[in-house]
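I opened a new notebook page for this structure. My plan is to start with the whole chain and then look up a few places in it.

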Amino acid sequence: MITVSEKHELKRAMADAHGRVVLVPTMGALHAGHLSLIQRARMEAGTDGTVVVSIFVNPIQFDRADDLEAYPRPVHDDLAVCMTSGVDVVFMPTAEVMYAENHSTVVGESALSRHLCGESRAGHFDGVCTVCLKLFLLSGCEVAIFGEKDFQQLAAIRRMVRDLDVPVEIIGCPTSREEDGLAMSSRNVRLKPEHRADAPRIYRALREALAWRGSTAAMLEHVRGEIETSGLARIDYLTCVDAQNLEPVDTSLTTTKDLLLAVAVHYGPVRLIDHVRLPPRLLS
Ligand code: AMP
């Protein structure tokens, strides 16, 4: 495994790369969710191919300076994970390497990012699309692997690739969860113990929505109540959207659309997201 932090070093490493190049973009603080993406990348690349993992806490996708500052950066642990999981190249640039001081060009996504996280995180998905396009170009990857946990991000990346004819295949991987159901996230380590103990209720509540028999309005009310019951969690949004275009659906109508029930929750300064896919029969 080689680790590089400059663009020209990555270019040189990729010029020597064999076979299919598969990229896993991350912000580090690697956990089992990231590992499942790396394993999928290894499978896609095969024994001849090259797995590239980028570790970069992308400043232009953060809307809050304190969140960027507090983002965990356990570099040595991350490199150890990469070393033992079949990664060939780790790209770990600084912000100065990635962005010229007077950089002024971004990829703008204007439809899928209007709701859910896009509503409370202005510019977030433009930052995500911009950095991913740069990483695609720098690595020359044929395939890039993303987690379904960040459903809106995956949808925005797929849309960018389609709209801009980016020659990269995008693969989504299922959400990895802790034993108690909490979706794995690099932010989980920042939860206070009482918040960590409370947080599994998010997925528990979402799963209750899957089995719900009454009206959708009552279901949303129930899920909200379940998440907020201890008074520790503050819901940013709890929304039913069309899983194809991420537009909110009128929950008073019956629909055959493929739906997503998505939630973002604050525990103190830590914001967690999760979702479930809802069968259309649930709407009434
Ligand atoms: P991040 O480091 O949080 O930017 O995430 C890097 C990649 O890992 C993204 O494609 C995420 O969607 C994915 N990812 C993060 N958490 C999980 C998880 N619990 N299960 C599966 N993929 C995940």
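**Elements.** I take helices as DSSP runs of H or I with at least four residues, and strands as E runs of at least two, numbered from the N terminus. The model is a predicted one, and I keep that in mind. On this count I find eleven helices and nine strands in the protein.

**Overall form.** I looked up the radius of gyration next. It is 19 Å, close to the 19 Å from the globule rule for 284 residues, so the protein is as compact as a globular protein of that length. The C-alpha atoms fill a box of roughly 60 × 40 × 40 Å along the principal axes.

How much of the protein is buried? I note 52% of the 284 residues. The accessible surface is about 13,200 Å², and carbon and sulfur atoms hold 52% of that surface.

**Contacts along the chain.** I took contacts between residues at least 6 apart in sequence. Of these, 73% join residues at least 24 apart.

**Charges.** I list 30 positive and 38 negative side chains. The centres of the two sets lie 3 Å apart.

**Strand E2.** I turned to residues 21-26. Is this strand enclosed or open? Six of its six residues are buried, so E2 is largely enclosed by the rest of the structure. In a regular strand, side chains alternate between the two faces of the sheet. I checked the directions here. Val21, Leu23 and Pro25 point one way from E2, while Val22, Val24 and Thr26 point the other way. Which strand did I find paired with E2? It is E3, residues 50-55, in the parallel sense over six bridges. Proline 25 stands opposite serine 54 of E3.

**Cysteine 132.** I found this residue in helix H7, residues 124-139. Why does cysteine 132 count as buried? Its relative accessibility is 4%, and the cut-off is under 20%. Setting aside neighbours within four places in sequence, I see cysteine 132 in contact with Phe146 and Ile157. I also looked up asparagine 58, which is 74 residues from cysteine 132 along the chain. Their C-alpha atoms are separated by 9.9 Å.

**Glutamine 153.** This one is in helix H8, residues 151-163. Buried or exposed? Glutamine 153 is buried, because its relative accessible area of 18% is under the 20% cut-off. With neighbours within four places in sequence left aside, glutamine 153 is in contact with Phe125, Val128 and Phe146. I had already written down Phe146 as a contact of cysteine 132.

Notes
Residues numbered from 1 in each chain as written. Predicted model: local features only at pLDDT ≥ 70, side-chain atom pairs only at ≥ 80, totals over all residues. Heavy atoms only, no water. Rg over C-alpha atoms; globule rule 2.2 N^0.38 Å. Buried < 20%, exposed > 50% of the residue type's maximum accessible area, 1.4 Å probe, protein only. Contact = heavy atoms within 4.5 Å. Areas by Shrake-Rupley, 256 points an atom, 1.4 Å probe, with all protein chains shown as cover. Lys, Arg positive; Asp, Glu negative; His and termini not counted. Charge placed at Lys NZ, Arg CZ, Asp CG, Glu CD. Pairing = 2+ DSSP bridges.
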